[in-house]
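Hi,

Here is the structure I promised to pass on.

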Amino acid sequence: MTAAYRIAVIAGDGIGTEVIPPAQQALDLVAARCGFTLHYDRFDWSCRRYRETGAMMPTDGLDRIAGHDAILLGAVGWPGVPDHVSLWGLLIPIRRRFRQYVNLRPIRVLDGLPGPLREPGEVDFVVVRENVEGEYSEIGGRLNRGFPDEMAVQEAVFTRPGVTRIADYAFDLAATRRGHLTSATKSNGIVHTMPFWDEVVAERAARHPEVTWCSEHIDALAAKLVLHPSSYDVLVGSNLFGDILSDLAAAIAGSIGIAPAANINPEREFPSMFEPVHGSAPDIAGRGVANPLGALWSAAMMLDHLGEPAAARALMTGIERALADGAVRTPDLGGTATTRELTEAVLAAVPAHP
Ligand code: ATP
Ligand code: MG
């Protein structure tokens with residue numbers, strides 16, 4: 001019996017709706033070549049829906065996708081709709097309800113992609129971001145609004161189980177790669193939560209003797225990541241630090257248009273979610289020139305997660321060959337190709353017999 005997977009597809013807004021069809025097309029191609037099938041259920045959850053109905057998704061939205069094998073997301077967000085609407089009305093509820101406490105961002109400087117860096121050597125690392133707690137909490141408030149003594153307080157929440165599980169995930173991942181983990185901290189300035197983070201990471205390190213590790217202050221780490229990106233293997237950071245490192249890392253890779261991301265529920269109680277790092281890009285939306293590679297690479301991560309590594313590898317090979325060949329590039333990569341043309345180039349470069 002051939003495997004069949006059910007995928008919840010949320011294309012979202014702007015170029016999200018332009019890069020998801022190419023991702024599905026690429027998924028179908030490698031699935032056919034590797035002997036399994038994907039069934040897609042499409043959901044129109046978006047800022048467009050918010051403007052029409054007052055909600056990003058229906059009240060039972062999460063229940064409707066809880067049973068799927070994975071979620072493929074384009075991008076949500078649109079000018080005129082406040083960011084907190086798309087975040088708290090869709091992304092954060094999905095991440096929290098489905099316990100997607102790991103946010104994964106692999107970074108590789110692929111052949112044929114001139115990055116901004118001078119250092120030669122292979123850049124290949126992964127940012128593991130804690131995705132559900134930490135600095136992004138609702139706890140806090142504003143006092144004395146509009147008065148000279150106005151103030152705002154925002155609490156960060158770090159729990160022992162929360163830090164333990166993200167540290168364990170990062171150590172385990174490092175063990176499958178080059179065996180080195182860097183933990184982002186700022187214990188010299190943030191004197192309660194960051195020392196706690198450091199202590200828990202150190203405790204977990206003792207259980208992963210096969211991994212060497214170190215702790216670096218986020219400011220120094222940001223600078224070193226630009227200067228010596230090839231010296232990193234796996235980086236782990238809190239919700240805020242991981243967020244910043246992820247975007248920094250995407251820029252190192254050459255274009256935000258190719259960067260992939262995964263929101264993982266490692267226990268597999270719920271679907272994990274795969275999405276390109278980029279947003280809805282209103283400035284280029286509707287013109288058919290969005291770079292589809294971030295969505296395609298995210299789709300490859302989804303295949304890995306579903307337990308189809310050969311298909312994932314085949315799709316990545318298509319991406320790598322198309323980029324290295326260099327003939328077909330979207331404007332963000334310095335070319336004039338359309339989304340469709342770059343997608344076709346990848347599809348043509350996928351190995352015939354994965
Ligand atoms: P968000 O708040 O949703 O993250 P944003 O405004 O921060 O959105 P993006 O929507 O990612 O960021 O756009 C940032 C810039 O990168 C824009 O100029 C956009 O056109 C460009 N960009 C983003 N994604 C792509 C892509 N896939 N192909 C080409 N250009 C892109
Ligand atoms: Mg952004």
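**The core and what surrounds it**

The largest nonpolar core has 103 residues, and L72, V128, A170, L296, A299 and L315 have the most contacts inside it. (A nonpolar core here is a set of buried Ala, Val, Leu, Ile, Met, Phe, Trp, Tyr and Cys residues joined through C-beta atoms within 7 Å; buried means 20 or more other C-beta atoms within 10 Å of a residue's own, exposed 12 or fewer, partly exposed in between, with C-beta atoms placed from the backbone.) Helix α9 (residues 293-306) gives the largest share of this core, ten residues. Helices are DSSP runs of H or I, at least four residues, numbered from the N terminus. Because domain 1 (1-101 + 256-354) and domain 2 (124-252) both contribute residues, the core lies between them. The domain bounds come from an automatic or database assignment.

This is a predicted model: local features need pLDDT of at least 70 and side-chain atom pairs count only at pLDDT 80 or more, while totals for chains, interfaces and linings use all residues. Residues are numbered from 1 along each chain as its sequence is written, with chains lettered from A and ligands numbered from 1 in the order written.

Back to the domains: their centres, taken over C-alpha atoms, are 26 Å apart.

A251 sits in helix α8 (residues 239-252). With 16 C-beta neighbours inside 10 Å, A251 counts as partly exposed. V226 is 25 residues away from A251 along the chain, and their C-alpha atoms are 9.6 Å apart.

Cheers

Key: Helix = DSSP H or I, 4+ residues; strand = E, 2+ residues; numbered from the N terminus.
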